[in-house]
Each structure stands twice: as C-alpha cells, then as structure tokens.
Amino acid sequence: MLEVHEIISRVRDYQPEADADLITRAYDYSCKMHEGQRRKSGDPYVIHPITVAGLITELRLDTASVCAGLLHDVVEDTLTTTQDLQKAFGVEIAELVDGVTKLSKINFTSKEDRQAENFRKMVVAMARDIRVLLIKLCDRVDNMRTMQHMSREAQERISRETLEIYAPLSNRLGIQSIKSELEDLSFRYLDADAYHALAASLTQTKHDRDRYISEVSKLLATRLAEQGFACDVSGRAKHLYSIYRKMKLQESTLEQVHDLIAFRVVVETVSDCYAALGVIHSQWTPVPGRFKDYIALPKPNMYQSIHTTVIGPGRERIEIQLRTSDMHRVAERGIAAHWKYKERHGGGVSDQDAQRFGWLRQLVEWQKNLTDPAEFLEGVKVDLFQDEVYVFTPKGDVRVFPRSATPIDFAYAVHSHLGEHITGARVNGKIEPLRYKLRNGDIVEILTSTNQHPSKDWLDFVGTTRARSKIRGFLRLEQREKSHRLGQELFERELHRKGISVQKLFKNDAELRKILEEVKVQNLDELFIGIGYGKIDPDEVVAILAPPDEDGRASRPPESVREGQLAKLVRKVIKRDEGAIRINGIDDVLVRYAKCCNPLPGDDILGFITRGRGVTIHRRGCTRAFDSDPERRVEIQWEANARINRPVQLVVTTLNSTGILADVGHTFNSQGINILEANCRATADGRAINHFSFVCTDLAQLKVLTKALLKLKGVVSVERAGPVQT
C-alpha cells in the first residue's frame, strides 16, 4: 500500500507547487472513513482508493484529482455526504467525487437501468470536468485487477461493461495503456479458455520473439542513425485481446496472424517522421494497403503517428510506427498529456484540444434528448466501439465517422435541417443512395428536397447516435402531432353524436376545467393526444359532461354546451359527415391495419378505437369489425392520394395443366408485383388451388392484376382471401 509521502512525492515530480497538506488530509480522511471495511479478498478496503490515487499520479493529474481518487468511495460506502466533503475539502473535490459516485441510493427496475443511469450521470459530470472520467478509469483498472475474489456472475457482468464502455472510452481519450489493460483483463474473465490458451501459446514463443525484437530494434536504429536521424527505437508484442480480435476477424489461428510485433520509432520532428519512413521503405518492402498517416489526419482522440507494415528480417511482417516525442507522450497518456495547470479551480485542457472532444458534448446532447437510459447507453456503445472513417466536405474539411456511417449521418453532423431533408448524396461525383456506407477519402455532397422528411426506415441503417436520436425525435414529434389531430377529430365526433356543441364547450372554461381535472391532464392538447393514442376513451370524457342518471340512461348535457337545433338542421340538410376521419394510409402507432382483412386504399373501411393503440382499420364487412363494440366504431375514409404497401392474399383456382403456374407467375411479374409466398395443391377434380401472398399499393392495382389473371387460359377464378362476410 502506498504511503502518503510516496503519493506526495509523485505529484510534486510534475507539479512542484502541489498542496501536500490537502493530500495528507484526504489520505487520512479516507483511512478513517473506511476503517473496518474489507474487500472481498479480506484486505483493508482503503487499499483500493489509495491504489486509485497512485494510478492517477501515473497520469500526472492535479492535486484535486489525486484527492478525489482517495475520497471517491466515501460517499457511496460510508455515512459521508457530498456536503461533508464540500465543507472539508472544497467544492472542486466534492464535485469530482460526486461525478464518480454511483447512484446507489436510487431504486431502478433492473441492473441494466442502474448501469445506464450511472453512466448517464457520469457523462454529465465528465462533460463539465473531464477529470471525472479519468478518475473513473483509474477506479475501473484497480477493480479489474482485483476481481478474482468476486462471483463468476459479477466477473462477467463487470468485464462486459468494461469491454463495451470503459475500454472504448479510454481509447477515445487516447490513453492506450489503460485501454489495452482493460481489454486484456475483460478478455480474461469473458473467455477464460481462449485467454489462457492464447497466453500459453505466446509464452512458448516469448524467448524467440524477444530476441527478434531486440535484433530488429538494433538494426532499425543503426540504419536510421547512418542517415543522420536521432531516434529511439523499441518493439513489443501486441496485447492479447488485439491478437484475439484479429484471429476472430480473420477466422485464423495464431500461426496465421501476421504483424504480431509492432516497433516504435520516436524521432525529433514531423519532417523526420516522413524522411525516416523513406529509409524504412527502401530497406524493407512495404505491404500494400497497410500504410496509415495519422499525422496528417489525426484520430479523434488526438493520436498521431505514421503506421506502415513491411516485410522485415526473416520475411516476417512487422508494423512500424513513427512519431515525435510529443506525439508519443499523447499516445501514452492521451488527454492527460494535454493537461494545463491553472492557478484557480484545478486544471483544464486548451481550447484547441477541447475542440477535439466534441463527442463529449454530443454525449450530453443525446442524454438530454433520450429519456430512456437504456437507449442512450446502447447508442453510446455503438458510437464508441467502432473504427473511424475520414471523409471530406466539398470544401475539403475533414469529418470523422464510425465505419457504419451513411450520407444521413454526414448530413446530420453538418446540421439537423440538412439531415431532415436529405434525399441522397453525391459521393466522389457519383450519385449514391442513402444506404451507402461511407469510406475513407470520400468527398460527400448532400442532396436535399424540401418535400423530404425522416423515415423510420432510416433507423435500420444509420450509423451514429446523433442521427438516430434526431430521427427518433422527429418521428416522435410527428406522431404527437398526428395523435393530436386524430384525438381532436375523435373527441368532436363523439360530441356531435351526443348533441353537444363543440364551439360552446371550448368557450366554457368551467366545463373544460372539470373535464381536465377528471381525466387528469394539464390542457386540451394533452387531452387530444391521449385520445389519439387511445389512452383516453372519448366516450368517457363526454360522459363527464352528461353523466348517466340513476336508471343508467344518458342525461342531457348542460344548456351552455348543448347544440342548437338550427345547427343540427343545417348539418342534416347539407349531409356533412363531420364524424368521418380521413387518413392517408401511413402505417404508424396511431393508425393500425387489421391483419384479419388487410384493408387497401380504395376498400370500404371502418375504424375501431382500441385502448392504448389508436385506431384499428378493418374492411367494412369484416366479421371481426362487426364483433367489436359498436360504441367504439368510427367512420374512416381514405385520402384521394393514399398509397401504401399492404400484404394481400389471392386464391387463384386453375386447371391442373402443365405451364399454368408459370403463366400465373409471369402475370404477377408483368404487373410489377413480387410474390412473397405461394402455396399450391392439386384437387381430385383436376384443378389446382393456389394461394399467393404479395404486397399491393391500393385496390386499383389489385383489380388490374385480377383482370389480367382471369384472362389467362386455364384460370377458373380469382378471389381475394378474407374477410369472411356476415
């Protein structure tokens, strides 16, 4: 266990003015509050926060971070409150501890919700102060190192969380040492057999590999020195999980995996990096397609190096990384290497470096927009865990996206308005569809139309959480507006049916207030939306105005909201059906199409108000529609231009003759209709009964197809399957 003077000595190595008294008080406070507590191993619990503080000093963070590391568990595991810490150590340290502290006092419905909400809180805190995440990563490293005493279930759960969230976050922050260690430790518990088998195989060849690394390092340093380069050359075997991942990706054995060894060349200047690359390529043959220039195009985590793979001594494929000493410092410690100490409120990163962490601000934006913590967490996993592609705007600006990104993701990254109206993209001068996957070096120009709007189909192929969040937000708003319109129509229809004046009711504040209080909604908008979604029954709302009498018969509404006889007469004379709702065929949460009869635009239809599911549409004559409660039926009409793709089934009776099925299939094809499913059987009377399932846009298209089929020689009859007539 580290003594307090060792921690102070480490901090003063890089921050000579560090407050030793503050560190000593935090050390003593942690020891006092955790006194008597034990870890699963039986060791004193205080060893953990002290070790975490030691890891924080390795990242060379400031005094406040070290103190927060010492105190990070006192709020969660002792009677100490955040206010207590604030009084004893100040606001800055208290806020850091609060950002790291888990939400142990809140009851969630599941472990997944707890995990998601913990992460959401940490995101908000680390956006305010990145040190929160750095402390949390150090905490996670020590927990993973000492997990052998925990249950198998806990080991797997924590390891999966580490692999899916904290290792990618380490990578995003550019801290490769923590990322590699967290990946290897997670791998050890998630697939112990594979881990130990791979470790044993590498151990067997360790002696030969170490000798090869030493020889090649000397040879490389000698060749570069002969050309006048002052450099430092080192080599290492890649860490276990990266090798395992490569084996899985390539579906290969360890012997078949190339470039297991990476060499690092640290030179003085950027120009030396490129000049040294020329020397290396003249000495050894480079492998095509294995060159990456992260100096000209840095990774989002600020990582810069030139990577090349060559056929080295002994015909072995080796990877060589070239960088300057400053680049090497950033590669090892990431954002912590950019820490600038300030006189007030700890430290921070420069404005230029902070711009490179725009993804942190995006995380905060997403957590505001997504009310479901599990949805938020899943989106973060998707964005953090993917490799990047580098694409360009027409002006030459570089944009970085995950490998699964599409033009839609590109458009939303530029501006939400651009994303909402995208119709396609011109990529490298060629028109590409919305599903196109962006590639490194693509030049992307977005094509838009004011008539275009986000579709729920986009959610199936977009690659970034930002785009997914914006699309879902648009669809929710659109559904809310549709629900409002539908709910208002349903409510007014019910009022008309009961002879209640809509205009008079909406002007009667007392009656409206009575309705809103009874239904427990804030305003009329919420009432309409609730009715539209089917959560509120309009009949029950109207019953508030005219409750049934003692005999169960409906009473008359108050005179102040009753409809005048003249208005009734006018409606009757002009035969205006204000109760009919017109729909355009959009299949969404507010309007559902009954699977029993599969109505098409053009069919005579009837609606049925379903609790919690909006309106269900049946073909008029469907037995299920007539079995429904008459009070819940509502008149529905198609819009004149309604076009949707709906499943249809036709029963085609034919003679059982050679080639007839081919003729039927050709007729479907000539009408531009693809058969999804066919079921054919011969009958004893020399005929065949053929059931075809396909997608149709409206009744007119179905009629054209039916006529074409009836013209075929050998076709006896064509009937649409269902509904059963009453």
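A residue is called buried here when its relative accessible area is under 20%, and by that criterion both Phe 401 and Phe 410 are buried in this predicted model.

**Aromatic rings**

A pair of aromatic rings is described by the distance of the centres and the angle of the planes. The structure holds nine aromatic pairs, and two of them are set out in the table with their geometry.

| Pair | Centre-to-centre distance | Angle between planes | Class |
|---|---|---|---|
| Tyr 294 and Tyr 303 | 6.1 Å | 70° | edge-to-face |

Tyr 294 is buried, as is Tyr 303. Ring pairs also join Phe 187, Tyr 195, Tyr 241 and Tyr 244 into a cluster.

**The sheet of β11, β12 and β13**

Strands of a sheet pair through backbone hydrogen bonds, either parallel or antiparallel. In this part of the model, three strands make up an open sheet with antiparallel pairing, and their order is β12-β11-β13. The edge positions are taken by β12, spanning residues 430-432, and by β13, spanning residues 444-448, each of which pairs on one side only. Between neighbouring strands of this sheet the average turn is 35°, with direction ignored. Strand β11, which covers residues 422-427, pairs with β13 in the antiparallel sense over five bridges, and within this pairing Val 427 has Val 444 of β13 as its bridge partner.

**Strand β21 and its partners**

Strand β21 runs over residues 687-696 and is mostly covered, with seven of its ten residues buried. What joins β21 to strand β19, and in which sense do the two run? Ten bridges join β21 to β19 (residues 646-655), and the two strands run antiparallel; in this pairing Val 651 stands opposite His 691 of β21.

Methods
Residues are numbered from 1 along each chain as its sequence is written. This is a predicted model: local features need pLDDT of at least 70, side-chain atom pairs count only at pLDDT 80 or more; totals for chains, interfaces and linings use all residues. Side-chain values use heavy atoms; hydrogens and water are left out. Two strands pair if DSSP finds at least two bridges between them. Helices (H or I, at least four residues) and strands (E, at least two) are DSSP runs, numbered from the N terminus. Axes are lines fitted to C-alpha atoms, for helices over the stretch in contact, and angles run from 0 to 180 degrees between N-to-C directions. Buried means under 20% relative accessible area, exposed over 50%, partly exposed in between (1.4 Å probe, protein chains only). Rings of Phe, Tyr and Trp (its six-membered ring) pair if their centres lie within 6.5 Å; planes under 30 degrees apart count as stacked, over 60 as edge-to-face and the rest as tilted.
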